[in-house]
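Trainee: Could we go through this structure together? I would like to begin with the charged side chains and then turn to the helices and sheets.

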Amino acid sequence: MQVQGRLRRVLRAPPPRILLYRAISSPPPGGDGGGGGGVAVKQVTRGNMAEALEKLRGRVREAAFVGVDLEMSGVTSAPWRDTFELDRADVRYLKLRDSAERFAALQLGVCPFRWDPAKSAFVAHPHNFYIFPRKELPSDCSSHEFLCQTTSIDFLAKYQFDFNTCFREGVSYLSRAQEEEALQKFNMLYHGQTATSSTNSEEDRDIPLKSASDILFTERMKMNFKEWRDVIVSKPMVDNHLSGNIKCCAGQFQTVFFKMRPAIMLNGFSSHQLKLIQQVLRKNFRDLVFVCTFGEDDTSEKKVVYSDTDEDRILLMKDVQEDLLKNREERVKSAIGIRHVIDLLSSERKLIVGHSCFLDIAQVYSKFVGPLPSSIKEFALSFHKIFPHIADTRHLMSVNQAVQKLMKHKSKSLSSAFSLLCPAPYSSAEKPSSHSPVTIEVEGDETTSSCFISGAKHEAGYDAYMTGCIFAQLCAYLDIKFEQFSPLDNLATNTKLQKHINFLSPSWNSGTVIDLSTGMERPEPGYMRRYPAAVYDNIIVIWGFPSKVRPKEIKDCICKVFGSGSVTTVFSIDSTAALVQFKKQESVNDFLDLKAVLERADSAISILHPLSTILEGGQTQAAKYDTYRDICSSSESKSLFADQAEAVCATSKNQLKENVDDNLISGVLDGVALASVTEGDGIISGSNNQDVADVTCHDILDALHDGKALLGRRM
C-alpha cells in the first residue's frame, strides 16, 4: 500500500525537467506583494555560472523583454550626497556617479519574459547572480575597495541576504575598459618578450657568484645538464623523433617531452637557483633553452628544452610566446565573469525593464563598461549605444491616468506597485470589468536542483521578476494587446509603447525625466514639487554656521535684512549647511557683500546685526551655486558638508568673499562704526552719539552699491 501511495504521488507530480508556478503575476495569499512565495528563482554563483549563462542565452534570445535589478552595498556615502529637489541636473549626476563608483553591486537580477501564444501568457525565468569583485588576474593592480553603508547592509540582512554566498561564491568581473587594458598589457608583454628572446646574447645580466654554495650549485647543474644532453644527442633522430626510450634521472631532473622535444622539468628550485640555472644555460649550452609555461591550474612550470638548431630554437620560443599569450587571453576571458550577462543583454538588443533604475544603469556602466563620463548627457548617450531600449516602470506609472488614479497617495516603491498592479487571483465574480490582468508563469529547469529557491523581496532575481510583472500590467493599461503579439515582434517598437521608451527619472525627487537617446531632460508629468522651482542663479550655499541654527532661523534673519519676501526657500543639506534661494538674483551678491563687511567689522554692528545669528563663531562660509557643484564633484569623502567644503576649499576664507574691495569696506564701516542694530526691526541707531543719523541695513547695502559705482568710475 505504501508503494502504491508513493506511485500515485509521483504520477500526480509535474514533469521532472520543468516546474511551472502559475499566477496572475501575484504574491502569495496574504502576502504584501513582495514575499516571493511560490516563485522559483535560479541562484547563480561561480560554481554554476557557465551552465546558467549557456541556458540564459536561449532564454534572452526568445524573450520579449528582460526585467533587471541590482542590490548594492550602499546608496549614499554621506547624507549630503543624497539627491535633493534643489539639485541641478549636473549636481544630481555627480552624486549618482559618486554612489556608483564607491559602492559595490552584490546581486544582479535578470528575468527574461517570453510570450507564449498557446498559453496566452508570459513565461518568466528569474535568475539571481551573486557578485563579488575579487582579483582574478595577476596583472590587476586595482584594490577592489568599496564602501558599505550600514543602513543598506542592515536592510539586506533584514531580508535574509546571503552574505556568505556573496563573498565566497560571488561571480567576479572585468569591465570592458579593464579587459582592454589587461589585453594591452599582455600584448605588450608578449611583444617585449619576443623581442628579448630574439636578441638574447652573452650581454644578459650575470649574477655574481659570491658564495661557495652558488659556485657548487652552478658546477653541479653544468655537469647534470651535460650528462642529460649527451644522452639526448646519442639517440638517433627518426622522422624528427628520438628513437628508443630516454631514461635519464640526473639530480632533480625529470625527463618529459615538450612540443615533441625532449625536456627537463625543473621542480623544487628556488627563484635564485632558477636564475643561476638560466645563467648556466646561457653561457654553456647553446642547444638547451629555458622555458616557462603555465599549467591547467594556472601554476607556472619551468623546463629546459633541447633544441639542436638555431632555426628550431627560434620556432620553439615563438610557439612558447604564442601559447603564453593565448593562455593569458583565456584567463582574461574567464575573468570577465558576470559581465558576460551584460554583454548578452546588450548584444541581443532586447527591451530592458527596470524600476526607478537610473542608479542601477549607472552601476552597470561603472562596473561593467568603464569609468562614468563627466556629464549626464555624455553618460546617457554612451549608455544608449550599449542598451538602445530601456523602460522605467516608475516613469510608465506616471503616463497613464488610470494608473495614476490607482497609485494616488500610494508609494511608488517596487513592492507597493507590485501589490497594486499585480493583484492576487480572484474569482470571476470578483473580477473587475475595466482591466484584464496579464497572466505570468514562472518556469524553472529542474525540480530537484538546489540552485532553485523560492524568491524573496529585495533579492535581485525576485525584484527583476516583480519589475517585469509590473511592466506587463502597465502595457495592458496602455492598451497593448499581447494576444496579437508574435514572438518575432520587437516590443520596443510598439507604437503605443515606443514614445515612453528610454525615458528615466534621474531620481525620485528630480521632477524630471531624461531621454537617453538625446541626453536631454524634461519635466516629469504629474510630479508635485515640495519646494518652489529652483532658479540656480538666485541660490547660495551656506555652511559652517552654529549647529543650533535651523532653516527657519536662517530665513528669518536674512528676511530681517532683505525684506520679508526676499527668501523663497531654505533647504537643509545637513546639520552644517543649507541652500538659500533668493527671490531676486541681485540679492545673492548683496548678501555675500554684506557678509564680508560684517566679518571685517570690529564693532557692535557685527555682533548685533540680524545676520549675526548665522555668522556667530566666525566659521560661516557662503558661496554661489557653482561652488556647491564643485564641492559635490570632489573625490573627498567627508560625512558632514562643512568638513567636505573646507577640505575642497582649503583657502575658502580668501576665495569665497567675492573679492569685496578693502577701500569700499573701510568706507562703509567708517559710516557705521558707532552704530548698533536693534533685533526687532533691523534698524541701526546711534548708541553713544545722538547726532549720528539713523542708519538702516539697506543704507549699508546702498553704501556698498555707491562704493562699487564710485570704484568703477575711478577705474
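Trainee: Is arginine 81 buried or exposed?

Mentor: Arginine 81 is buried, with a relative accessible area of 2%. Buried means under 20% relative accessible area, exposed means over 50%, and partly exposed lies in between, with a 1.4 Å probe and protein chains only. Please bear in mind that this is a predicted model, in which local features need pLDDT of at least 70, side-chain atom pairs count only at pLDDT 80 or more, and totals for chains, interfaces and linings use all residues. Residues are numbered from 1 along each chain as its sequence is written, and side-chain values use heavy atoms, with hydrogens and water left out.

Trainee: Which residue forms a salt bridge with arginine 81?

Mentor: The partner is aspartate 98, and the closest N and O atoms are 3.4 Å apart. A salt bridge here is a side-chain nitrogen of Lys or Arg within 4 Å of a carboxyl oxygen of Asp or Glu. Aspartate 98 is in helix 3 (residues 89-102) and arginine 81 is in the loop between strand 3 (65-72) and helix 3, so the pair ties together parts that are 17 residues apart in sequence. Helices (H or I, at least four residues) and strands (E, at least two) are DSSP runs, numbered from the N terminus. Aspartate 98 is buried, with a relative accessible area of 7%.

Trainee: And what does lysine 95 pair with?

Mentor: Lysine 95 forms a salt bridge with aspartate 87, with 2.9 Å between the closest N and O atoms. Lysine 95 counts as buried at 3% relative accessibility, and aspartate 87 counts as buried at 0%.

Trainee: How exposed are glutamate 616 and lysine 548?

Mentor: Glutamate 616 is partly exposed, at 43% relative accessible area, while lysine 548 is exposed, at 56%. The two form a salt bridge whose closest N and O atoms are 3.8 Å apart. Glutamate 616 lies in the loop between helix 21 (612-615) and strand 23 (621-624), and lysine 548 in the loop between strand 20 (539-543) and helix 18 (551-562), so the pair ties together parts that are 68 residues apart in sequence.

Trainee: How many salt bridges does a search of the whole structure find?

Mentor: The search finds 35. Some are linked in a network, made up of Arg88, Asp90, Asp626, Arg629 and Asp630.

Trainee: Changing topic: at what angle do helix 11 and helix 12 pack?

Mentor: Helix 11 (residues 358-368) and helix 12 (residues 376-386) pack at about 75°, with their axes 11 Å apart. That makes helix 11 roughly perpendicular to helix 12, a term for angles of 65 to 115 degrees; under 35 counts as roughly parallel, over 145 as roughly antiparallel and the rest as oblique. Axes are lines fitted to C-alpha atoms, for helices over the stretch in contact, and angles run from 0 to 180 degrees between N-to-C directions.

Trainee: Which residues make the contact?

Mentor: Helix 11 contributes Phe358, Ile361, Ala362, Val364 and Tyr365, and helix 12 contributes Ile376, Phe379, Ser382, Phe383 and Ile386. Contact means heavy atoms within 4.5 Å. By class, there are 9 nonpolar, 1 polar and no charged residues. Ala, Val, Leu, Ile, Met, Phe, Trp, Tyr, Cys and Pro count as nonpolar, Asp, Glu, Lys and Arg as charged, and the others, Gly among them, as polar.

Trainee: Now the sheets. What is the strand order in the open sheet of 3 strands?

Mentor: The order is 17-18-19, with antiparallel pairing. Two strands pair if DSSP finds at least two bridges between them. Strand 17 (503-504) and strand 19 (520-523) are the edge strands, each pairing on one side only. Strand 18 is joined to strand 19 by 4 bridges, and aspartate 515 has methionine 520 as its bridge partner in strand 19. In the hairpin of these two strands, with 4 residues between them, glycine 519 takes a positive phi near 80°.

Trainee: What does proline 523 touch?

Mentor: Leaving aside neighbours within four places in sequence, proline 523 is in contact with Gly511, Thr512 and Val513. Proline 523 is in strand 19 and is exposed, with a relative accessible area of 66%.

Trainee: Which helix packs on the sheet of 4 strands, touching strand 20, strand 22 and strand 23?

Mentor: The sheet has the order 21-22-20-23, with antiparallel pairing. Its twist averages 20° from one strand to the next. Helix 19 (residues 586-600) packs on the sheet, and its direction makes about 155° with that of strand 23.
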